[in-house]
Amino acid sequence: MEEKISASIVATFFKKLQDYLSVDVAIVGAGPSGLVAARDLALAGKKVALFERRLAPGGGIWGGGMLFNEIVFQQEAAAILDEMEIAYADAGDGYITADSVLVASALIYRARQAGAVIFNSVSVEDIVCRHEAVCGVVVNWTSVTRLAMHVDPLVIMAKAVLDGTGHPSEIIHLASKKAGMSLDTPTGAVMGEKPMWMEKGEASTVENTKRLYPGLYASGMAANNAMGGFRMGPIFGGMLQSGKKVARLILDDLNE
Ligand code: 48H
């Protein structure tokens, strides 16, 4: 029995990894925007790999606001929750609330169920660029990077790479600072996130969601950081809408 259990894990994991060494879309970060994008892209028939540094995907959803595990959305986001059969309650004045554990687990499940494969406990530490386009990500186990072990990474090639890493926007920083790319921002560089302004931050998250360089896209807080948008605190409608928008942009480009 012991051999059977270990052999089953090793065989299925390595098949999964081998199948996903080359993908249509590599998504970095399984927060709300990355998970929504992963689901829509997979439903559209694209091969999607999602890399998440932490053991548990879900990003900033689990903790609600200041660890109070309820999430607030604008009424406009209700259609996205309905689509995924996520229950919510009316909070009045155009807002709704939902249990953050339900939202996190449902977004993860819907992305995976649609066919996106999630590689958790994996950190993206670099990008691959060829012919003036981003075309892959460099990955290693989070435990390896956290322990600063001197271990070389592996590479996943992708037709499109999405930075869904939230506030730190790690991938666009790599593109700008390490690869020296001029991004499609007002200055060509990462503009930097602005302080709290809920109304503006929510609206700008969706506006700022875009392709920043051939093959490189940003969603959620990474998009706001790239374009100099305001932060908006514990309201998540813009994150879901950003995931939807970036999936459409990537699909349009891949289907061209
Ligand atoms: C692999 C990585 C790497 C890496 C990071 O922060 P997230 O929840 O992302 P968004 O942008 O979809 O949602 C933002 C939202 O949660 C939030 O923070 C809000 C609304 N803030 C407003 C405010 O004012 O504070 O998730 C990003 C995910 C996390 O799970 C990271 O662990 C992961 O990306 N990640 N995964 N490789 N290099 N970097």
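Start at Phe73: its bridge partner in strand 5 is Ile96. Strands here are DSSP runs of E with at least two residues, helices are runs of H or I with at least four, and both are numbered from the N terminus. The model is predicted: local features need pLDDT of at least 70, side-chain atom pairs count only at pLDDT 80 or more, and totals for chains, interfaces and linings use all residues. Residues are numbered from 1 along each chain as its sequence is written, and side-chain values use heavy atoms, without hydrogens or water.

**The sheet**

Select residues 95-99, strand 5. Strand 3 runs antiparallel to strand 5, joined to it by 5 bridges. Two strands count as paired if DSSP finds at least two bridges between them. The 3 strands make an open antiparallel sheet, ordered 3-5-4. Strand 3 (70-74) and strand 4 (89-92) are the edges; each has a single partner strand, so one side of each lacks a neighbour in the sheet. On average, neighbouring strands of this sheet are turned by 35° against each other, direction ignored; the axes are lines fitted to C-alpha atoms.

**The largest pocket**

Next, select Gly59, Gly60, Thr165, Gly166 and His167. Of the 33 residues lining the largest pocket, these lie nearest its centre. A pocket is an open set of points on a 1 Å grid over the protein atoms alone, where a 1.4 Å probe fits, with protein on both sides within 12 Å along at least five of seven lines; lining residues have an atom within 4 Å of a point. The space in this largest pocket is about 660 Å³, taken as the volume filled by probe spheres set on the points. Colour the lining by class: 14 nonpolar, 14 polar and 5 charged. Gly counts as polar here, and Asp, Glu, Lys and Arg as charged. Strand 7 gives the largest share of this lining, 3 residues.

**The second largest pocket**

Move to the second largest pocket, about 180 Å³. Its lining includes Phe13, Leu17, Phe51, Trp141 and Asp152. The classes are 10 nonpolar, 1 polar and 1 charged. Helix 1 (2-19) and strand 8 (133-141) each supply at least two lining residues. Strand 8 gives the most, 3 residues.

**Helix 9**

Finish on residues 237-255. At 1.5 Å a residue, the 19 residues of helix 9 should span 27 Å, and the end C-alpha atoms are 27 Å apart, which agrees. The expected span is 1.5 Å times one less than the number of residues. Buried residues (under 20% relative accessible area, 1.4 Å probe, protein chains only) in helix 9 include Gly237, Met239, Lys244 and Leu251.

Methods
Buried means under 20% relative accessible area, exposed over 50%, partly exposed in between (1.4 Å probe, protein chains only). Axes are lines fitted to C-alpha atoms, for helices over the stretch in contact, and angles run from 0 to 180 degrees between N-to-C directions.
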